[in-house]
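This note is meant for a colleague opening the model for the first time. Please read it with the sequence and the structure side by side.

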Amino acid sequence: MRKKLKTVEVVNLAYSDFKSKLVKKLFKDFYAKNAWKIRPPTSIEKREFAFILIEGGEMVRHKGFSSLNGLIDYIKSEIPLHVYYSSAYYANPAAKEMELKEWLGADLVFDIDADHIPTRCKEEHDAWRCNNCGAQDRGLLPASCPRCGSKHVTASSSWLCYQCLEAAKDEAIKLIEDFLIPDFGFSTSEISISFSGRRGYHIHIESPKILSLDPYARREIVDYIKATELIPDAQGFEPGLKVPTIGDYGWRGKLAKGLYLYLSQASVSELSDVAGPDITGGGLETWRNNLLKNLEGGSGPWLLPSSSEAAKKLFERAVAYQRCNIDERVTTDVKRLIRLPGSLHGGTGLQVLSLSLNDLERFNPLKSAVAFRTGHLKCFVKHAPQIAMMDQTFGPYHEARVELPLAVALYLLLQGLAEAVGDNS
Ligand SMILES: [Zn+2]
Ligand SMILES: [Zn+2]
């Protein structure tokens, strides 16, 4: 028995050692040719940098660089698995203790991640587990465990999926075009966008206007964007009050737009469910058309439905269309470490990429963020859902020996779903 255990350990050690060497070689070759793609943040000399190393997976923090060349030299010599910089500016970014760094301000950062967006395909490719009671299920990662209520729930599978990435992209565009530019008044030159290298987008505001905002002020911004504690009757969703119109400022206008979208697409049975017993049969279509006209700019009050409950249901549907799914922990953290554009994501092998707003609309990370575009690798895949990369689909696989394009094989390897086998050199 003891002998058998020892053999397993040796095999695992040999495998993980081989994987480290392979990843290190690939990342080294990549940075040798592509380090020029690294996009440093402004005021590089005031930022803290952090790296996760390939061997041992330890994080090296409190690094400072006075120039881009210094940063690139470090990355080329250490070949880190992950590269981060601080959203904060410090007088002494390399100081080993946070108190000695002297915080000077921080960019306003938004993180949009498919992990938090309820796409239907998650039932097929995502799974989670509760670290408290051991409950597990497929689908969207819940905020807390439905069995024991613990918040210690973690994703056991979060797959790179085109639909999920598109949903994250739509959310990023919504954040910029519906909130940051019209409501907060930021200009496109103050907004920078990057693909996170996995399932989302980072949106940064670099502006003296937001530099000194503390976490509480940033929380107010989060609450506005997520429509936290928005009150229906304060926004006009109450029988007898004036219906909000699409041209209204702030949330009133957004809700009018959201309700317009909902009413335009809802089936008659959905409308009947929302309107309640007040409106039935052919009356539903008349009600829908009148309300749509009112939302477009009519000035009438709500005539029907006549209950606050029905108005609240309409409000909730409008909010669901218009709120933006940002990760509040990232925005309220004034000392956050963020992935560096131009670096590789060590969990996927994809590149973290800077994008313009125009790029974003057409951007497909499963094509444009692929770092390793040539070569193949023979692997043993334990289990993997179907994946699409570079306009081709692969899998699903279950205990299969396959030769895959390097980018796909590396992703499965980094996810721990496959092992390199055979005569790969
Ligand atoms: Zn639980
Ligand atoms: Zn998906």
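The points below go from the whole chain to its domains, its metal sites and its salt bridges.

1. Basis of the note. This is a predicted model, in which local features need pLDDT of at least 70 and side-chain atom pairs count only at pLDDT 80 or more, while totals for chains, interfaces and linings use all residues. Residues are numbered from 1 along each chain as its sequence is written, chains are lettered from A and ligands numbered from 1 in the order in which they are written, and side-chain values use heavy atoms, with hydrogens and water left out.

2. Overall build. The chain has 14 helices and 18 strands; helices (H or I, at least four residues) and strands (E, at least two) are DSSP runs, numbered from the N terminus. Its C-alpha atoms fill a box of roughly 75 × 50 × 40 Å along the principal axes. Of the 425 residues, 49% are buried; here buried means under 20% relative accessible area, exposed over 50%, and partly exposed in between, with a 1.4 Å probe and protein chains only. Taking contacts (heavy atoms within 4.5 Å) between residues at least 6 apart in sequence, 67% join residues at least 24 apart.

3. Domains. The assignment, which comes from an automatic or database source, gives domain 1 (1–106 + 193–209 + 330–371), domain 2 (109–192 + 210–227), domain 3 (233–322) and domain 4 (372–425).

4. Domain 1 against domain 4. The centres of these two domains, taken over C-alpha atoms, are 23 Å apart. In contact across the boundary are 19 residues of domain 1 and 17 residues of domain 4. Together the two domains bury about 1,700 Å², of which 68% is on carbon and sulfur atoms; buried area is the accessible area (1.4 Å probe) that two parts lose on being put together, summed over both. Between domain 1 and domain 4 the count is 1 salt bridge, the term being used for a side-chain nitrogen of Lys or Arg within 4 Å of a carboxyl oxygen of Asp or Glu.

5. The zinc ion (ligand 1). Which residues hold this ion? Cys130, Cys133, Cys145 and Cys148 coordinate the zinc ion (ligand 1) through their SG atoms, at 2.3 Å. Donors are N, O and S atoms within 2.8 Å of the metal (3.2 Å for Na, K and Ca); water is not among the atoms, so sites may look incomplete. Angles of 106 to 113 degrees among the 4 donor atoms make the site tetrahedral, a label for four donors with all angles between 85 and 135 degrees. The donor spacing in sequence is C-x2-C-x11-C-x2-C. Cys133 counts as partly exposed because its relative accessibility is 28%, whereas Cys145, at 3%, is buried.

6. Pro146. This residue is also found in the loop between E8 and E9. Pro146 counts as exposed because its relative accessibility is 66%.

7. The zinc ion (ligand 2). The protein donors here are Cys121 (SG), His125 (NE2), Cys161 (SG) and Cys164 (SG), lying 2.1 to 2.3 Å from the ion. This site is tetrahedral as well, with angles of 106 to 117 degrees among its 4 donor atoms. Along the chain the donors of ligand 2 follow the spacing C-x3-H-x35-C-x2-C. Cys121, in the loop between strand E6 (108–113) and helix H4 (122–125), and Cys164, in helix H5 (residues 162–180), are 43 residues apart. Cys121 and Cys164 are both buried.

8. Salt bridges. A search of the whole structure finds 23 of them. One joins Asp107 to Arg47, with the closest N and O atoms 2.9 Å apart. Asp107 sits in the loop between strand E5 (103–106) and E6, and Arg47 in the loop between helix H1 (2–34) and strand E1 (49–52), 60 residues apart. Both Asp107 and Arg47 are buried.

9. A salt-bridge network. Asp113, Asp115, Asp126, Arg198 and Arg199 are linked in a network of salt bridges. Asp113 and Arg198 form another salt bridge at 3.6 Å, N to O. Asp113 lies in strand E6 and Arg198 in the loop between strand E10 (191–195) and strand E11 (200–205), so this pair ties together parts that are 85 residues apart in sequence. Asp113 and Arg198 are buried too.

Methods
Four donors count as tetrahedral if all angles lie between 85 and 135 degrees; four count as square planar and six as octahedral if opposite donors are over 155 degrees apart and all others between 65 and 115; anything else is irregular.
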